[in-house]
Amino acid sequence: MSNPFTPTFGVTPPLLVGRDAEISALNRALSAGPGDPARAIVCTGARGTGKTVLLNALEDTARDSGWAVVSVTAHPGLADELTQTVLPPLLAAHGVDEFTSHVTGASASVLGVGASVSRSVTERYPFTPSLRSELTDLATALGLRGKGVFISLDEVHRARRTDLEPLFHAVQHAFREGLPVAFAAAGLPAAVHAILNDDVLTFLRRAQRWTLGDLPEPLVAEALRGPIALAGRTISQAALDLAVETVHGYPFLIQVVGFELWSAQPDSAEISLRQARAAVPRAIDAAHRLVHDPALRDLSPGDRAFLTAMAVDPEGPTTVADIAERLNASRGHVNKYRARLIAAEVIEPSGRGQVDFALPFLRDYLRQTA
Ligand SMILES: Nc1ncnc2c1ncn2[C@@H]1O[C@H](COP(=O)(O)OP(=O)(O)OP(=O)(O)O)[C@@H](O)[C@H]1O
Ligand SMILES: [Mg+2]
């Protein structure tokens with residue numbers, strides 16, 4: 001019996017829980033037509049809340065509906081990659097030869113659904129394909145068959161706005177032309193807000209904002225028990241309760257805790273409370289290594305000093321006044337870091353003038369490494 005859990009970023013879990021509403025929203029948007037609000041989605045959440053695997057599930061949804069899927073990660077050079085290596089094979093697969101002909105929006109809309117793609121030969125007007133023309137052609141060709149193009153853009157925080165601009169403009173153009181294009185982007189909240197705030201592009205301004213956070217306990221229990229049962233073992237109620245409590249609703253910990261539960265004694269038929277007790281510290285260690293260490297590396301020394309001052313309290317929220325005193329800094333200075341860390345979803349506001357850690361076991365990590 002092999003371990004069903006997937007404690008690795010970006011890997012689709014054995015059971016994806018709590019995302020039915022999002023998947024249905026996209027399904028509706030694909031069949032509803034260009035005006036549906038869920039044709040543009042911006043998904044944010046802290047590291048490990050399941051942005052990538054949600055995008056993967058949305059891509060599957062689009063593929064199941066017969067849509068062409070463009071799945072890319074933000075990085076400098078994205079526009080060239082799309083124009084030169086991602087879109088051409090899709091255009092070819094859908095019968096559009098972009099080097100000799102260019103589907104015009106007009107001819108396509110006249111022909112309507114089911115007609116073959118009409119081409120206007122452009123030899124007289126030498127035509128250099130651009131990201132915008134390629135997306136237009138692909139969406140037009142698919143639109144003739146009642147389908148469309150779904151674009152998924154992950155890790156928005158890895159690029160600068162200028163790297164993403166050509167893609168945004170191409171999508172905006174397609175939306176304005178009423179072409180069947182749907183778009184979903186995901187990234188860490190602070191960076192995404194910085195990139196997309198005050199947007200001049202209507203499609204981004206109107207995009208649905210999905211924030212991924214903690215999952216409710218019954219769903220966490222289902223995400224643990226389901227794959228264990230499917231793989232042929234059981235788990236005692238007490239062991240499951242301890243595991244659910246350890247997860248704290250944090251999606252990545254479902255897989256880490258599940259993996260350790262399973263491997264404590266893989267040959268036993270039932271995962272017992274004793275095995276669960278052995279699994280918990282190993283899962284917390286894995287969270288330190290895979291989540292906390294990289295999260296802290298992304299932060300500035302000032303951010304880290306703020307967090308270390310919070311971790312002086314062995315549990316519960318910390319007042320901003322205490323943090324200012326511990327850092328020997330002004331309230332204004334401390335409030336600046338408070339806002340940054342809240343935007344990064346590393347901490348969260350907790351009652352008047354208080355903050356608490358947003359990532360489970362981050363406090364323990366800071367106390368160990370301080
Ligand atoms: N809804 C869910 N149900 C069960 N497991 C999940 C769920 N969402 C995410 N996971 C698991 O959590 C882990 C992290 O998911 P994912 O890589 O999608 O996070 P992310 O938000 O993209 O993180 P990052 O910000 O580092 O890119 C994966 O192992 C994934 O299988
Ligand atoms: Mg990801």
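Predicted model: local features only at pLDDT ≥ 70, side-chain atom pairs only at ≥ 80, totals over all residues.
Residues are numbered from 1 along each chain as its sequence is written, chains are lettered from A and ligands numbered from 1 in the order in which they are written, and side-chain values use heavy atoms, with hydrogens and water left out.

Entry on α14 and α15. Helices here are DSSP runs of H or I with at least four residues, numbered from the N terminus. Helix α14 covers residues 320-327 and helix α15 residues 331-343; they pack at about 115° with axes 9 Å apart. Axes are lines fitted to C-alpha atoms over the stretch in contact, and angles run from 0 to 180 degrees between N-to-C directions. That angle makes α14 roughly perpendicular to α15 (65 to 115 degrees; under 35 is roughly parallel, over 145 roughly antiparallel, the rest oblique). I list Val320, Ala321, Ile323, Ala324 and Leu327 of α14 against Arg331, Val334, Asn335 and Arg338 of α15, contact meaning heavy atoms within 4.5 Å. By class I get six nonpolar, one polar and two charged residues (nonpolar: Ala, Val, Leu, Ile, Met, Phe, Trp, Tyr, Cys and Pro; charged: Asp, Glu, Lys and Arg; polar: the others, Gly among them).

Entry on α5 and α6. The axes of α5 (residues 131-143) and α6 (residues 161-176) come within 9 Å and cross at roughly 40°. That makes α5 oblique to α6. I note that this crossing is right-handed. Leu131, Arg132, Leu135 and Thr136 of α5 touch α6 through residues including Pro166, Leu167 and His173. The contact of α5 with α6 holds seven nonpolar, two polar and one charged residues.

Entry on α1 and α2. I have α1 at residues 20-32 and α2 at residues 51-64, with axes within 10 Å and a crossing of roughly 35°. The crossing of α1 and α2 is right-handed.

Entry on ligand 1. I count 24 residues around ligand 1, the closest being Gly10, Val11, Val17, Lys51 and Thr52 (a heavy atom within 4 Å).
- A polar backbone atom of threonine 6 is at 2.8 Å from a ligand oxygen.
- A side-chain N or O atom of lysine 51 is at 2.7 Å from a ligand oxygen.
- A polar side-chain atom of threonine 52 is at 2.8 Å from a ligand oxygen.

Notes
Helix = DSSP H or I, 4+ residues; strand = E, 2+ residues; numbered from the N terminus. Left-handed = near helix turned anticlockwise from the far one by under 90°. Polar contact = N/O pair within 3.5 Å; in protein donor to acceptor, adjacent residues only side chain to side chain.
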